[in-house]
Amino acid sequence: MAQSTATLRALTYRLTSTPTQQLPAIIPQIAGALWNCKDILSISTDSKAAGEAATAVHRFKTQLNTLLQDRTVEGRWAAVVLTKAVIEAGGLEVLSKSNPWVKHLLGILKRPDPPTTRSLVVITLTRIFMLTWSYSNLIREITTPALTTFIPTCISNIENKRCSAGELQTVLEAFAILIPKHPTIFRQNENNIRSICTAALSSGSIPTQVRQYSQDHQKAARRLLVLLHHCAPKQGGSDKWVETLKSTVEAVHATCDHVFRAVHEDWQSVAGVKSSVSAQRVLSGTIEVESEDAVGLAPWKGVYAGAERVVSLLNLLKSHLTTATSATMTVRIGLVSDLLTRLFGVVVPYHGKQDFVKINNQVLKEEREALFAVLPRIHVASIELSRTLISRLSSTSVGGCQIAIDQVMYVFHAESSDAQVRSAIYELLSAIFEISGPSMGRTEVGEVSSVLRSCCLDLLPDAKDAVGPDAKTNGQVGGIKQQLGLAGGQILQSDNAGQNELLRAAQALLRTALLRIDALPSQLRALVDRTAALTRNHPLLQASVMNPPAKRSVAGSAPASLLPVLAREYSRTVEVEVLLRPRLPVIGKKSSNQSGRFDDDEDEDEDEEDEDAGAGDDEGADQDEGGLRQDEEAVEAAKEDPTTDLLDTLGQNASLEPSISTTTTAKSLFASENAIGKRRATDEVADLSAKRLRASPEAARSPGLSTSTQPTGSLAEVVVSRQALAVPVVPASSAPTVGSYHTATADDSEDDSDFEIPTIHVGDSDQDEEEDDEE
């Protein structure tokens, strides 16, 4: 506590000794250091143990009160920042006595200070109001009296021309936070707040408007407009929310009656929606609306303004579904589904389907072309609304997933050249696959196969994006799509800023399809696997390895796996390590018994080790042949890998050469067998007497067999080297070697093989001496 007291005294001295104009430069450091003094700031002044700490806190608060009433802008700005820092550090003790500070902050909010100062005041007051929510007495003493002044003052500031974009954003977000907790106080200003929100949402349709609103402003305005249902009296918030949702749907239909007049719609409402105006009035004059709609948005004029109004209303519907509410709401899904059916029913005419869209000849060609130009943007907003509805309803929306797939596929075939449309469709199908993917059959998957192929096309690089210094490399990479059967399509790559979003959506859809769908056709699955291998996409490679395709009908065949590619490209990742080594040695009683059994096997009697050497060589030869057959099968499996040729195209298959891996495996096997042979030969030499192992002079002078392990190119030479390594060699410092004895015996035998070791018979010592004397 002594350290905190000294720190607070130093901060107070720095505040008093620094000129007011220089305070903004040092205030961030002081505010950060106040958190280290929270133990003394939270001490009650009535406590007897306060002492010097209470004195230091009192001096600091006195200086803060002086800055709150300062005449300079810099002093007031510094006081606002320090007030928020002190209240958050001091806790309940400082918060309960912050009422004078709140009054000073409200006074600063009414001053013509810069917008940054007013924004900081709104943030500080909102934080104080939030901290009082846990204490009912503080709400009565601080929050309720202050809000009656805070709300009208903020509304007056944002209606003023000197209001900046940051201040408007701050006020809208502050209102959205406070309305659910204080709906009664906001009810008096509901109409003013609603007019501010509708003005922000109508900005896209009124290009001559003085104030311009950004996307963040419109997003905050939509959320605030949805939350205004809390202000309904007598617990009528749920009914007000449903009424607002219905009014928004009606406004969209009324706007579409004018925007879609260039075509004849085949849509018929199943929710009882009727046209807002007669057909003759719609077709007369220019396309415009002269009055406010059901939501209260301003009038608009022109096809482009009408399209912006439709998009804004669809986003408002999406905000109704995503904004959290304090009560349970009843969502009329039929109204939303009926609206989506109408919006998806009008598409841009495409090749082969020109007569499917019925043109209204009473409308000018220029207006019809303008409609086809804005349709993709309307469909993007419609697809996002459909995805939000499915994600919000989760598993209860399984019944409508197939309907949504049919609608978006109709749009995809017509407008797949637009990158934003493809990205929105990818995200929608990804959400659908998460819910109903395991239950989809081959027929349902076949309907969306064109979308999955489009994902592969978006992820694969173009020839112009190929990395290579010469034209040959560019030609190889550019021919990948032709090799995969994707070249010459109608889909075009886009180079705009939304390309990254498109790639992320395509990657997410392919990964979800691999994880959730079991009925992918073999050709489509092969295309997805090749795309994952060629793009070296870690999530796709991992999803493909963890969800292998179904086995083939041919007996003994196994599906191809991308695990070698994944292990080569991402060998240092934790996921690949788990896939390569999924199990650890078993630790427990069973493992101890097994290790003891292995020790007993190693301590067997020497009688079992003194077996027939010739029979041992035959068994070794059989093992050599079996190992050789496994090496040949590994070589053939590597040649039959479907990704080998495609990786060779990119020149990235150098590390997967089967000959090198086979030779390396053979060397490791030969080395282990050589060590076992040496150990057994050493045991035999130790047991046999020196008299029995006495070799002839010719045998002692014969050279030993070569133990070279140099790998060669042919399989025949590998076998020779392996048999040579199987012959044990003992150092010359010991008794005559077994290798020399075997060599001498092999020279006297009629067999021409240099590697056949004769059987060693164990007899009496006297008989061996007699045989040696006779020789």
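Predicted model: local features only at pLDDT ≥ 70, side-chain atom pairs only at ≥ 80, totals over all residues.
**Exercise 1: helix 2**

Work out where the buried residues of helix 2 sit around its axis.

*Solution.* Start by picking out the buried residues of helix 2, which spans residues 23-33: they are Leu23, Ile26, Ile27, Ile30, Ala31 and Ala33. Next, look down the axis of helix 2: these buried residues fall within an arc of 150°, so they line one face of the helix. Finally, check what the buried residues pack against: helix 1 (2-17), helix 4 (52-68) and helix 5 (73-90).

**Exercise 2: Ser312**

Decide whether Ser312 is buried or exposed, and find what it touches.

*Solution.* First place Ser312: it's in helix 16, residues 303-322. Then take its relative accessible area, which is 8%. Buried means under 20%, so Ser312 counts as buried. Last, skip residues up to four places away in sequence, and you'll find Ser312 touching Leu201 and Arg222.

**Exercise 3: the largest nonpolar core**

Find which residues of the largest nonpolar core touch the most other members.

*Solution.* This core has 171 residues, and Phe150, Phe175 and Leu429 touch the most other members. Helix 18 (residues 365-393) supplies the largest share of the core, 12 residues. Now zoom in on Leu429: leaving out neighbours within four places in sequence, Leu429 contacts Ile405, Val408, Val448, Val451 and Leu509.

Key:
Residues numbered from 1 in each chain as written. Heavy atoms only, no water. Helix = DSSP H or I, 4+ residues; strand = E, 2+ residues; numbered from the N terminus. Buried < 20%, exposed > 50% of the residue type's maximum accessible area, 1.4 Å probe, protein only. Contact = heavy atoms within 4.5 Å. Arc of directions from axis to C-beta. Core = buried A, V, L, I, M, F, W, Y, C linked by side-chain atoms within 4.5 Å.
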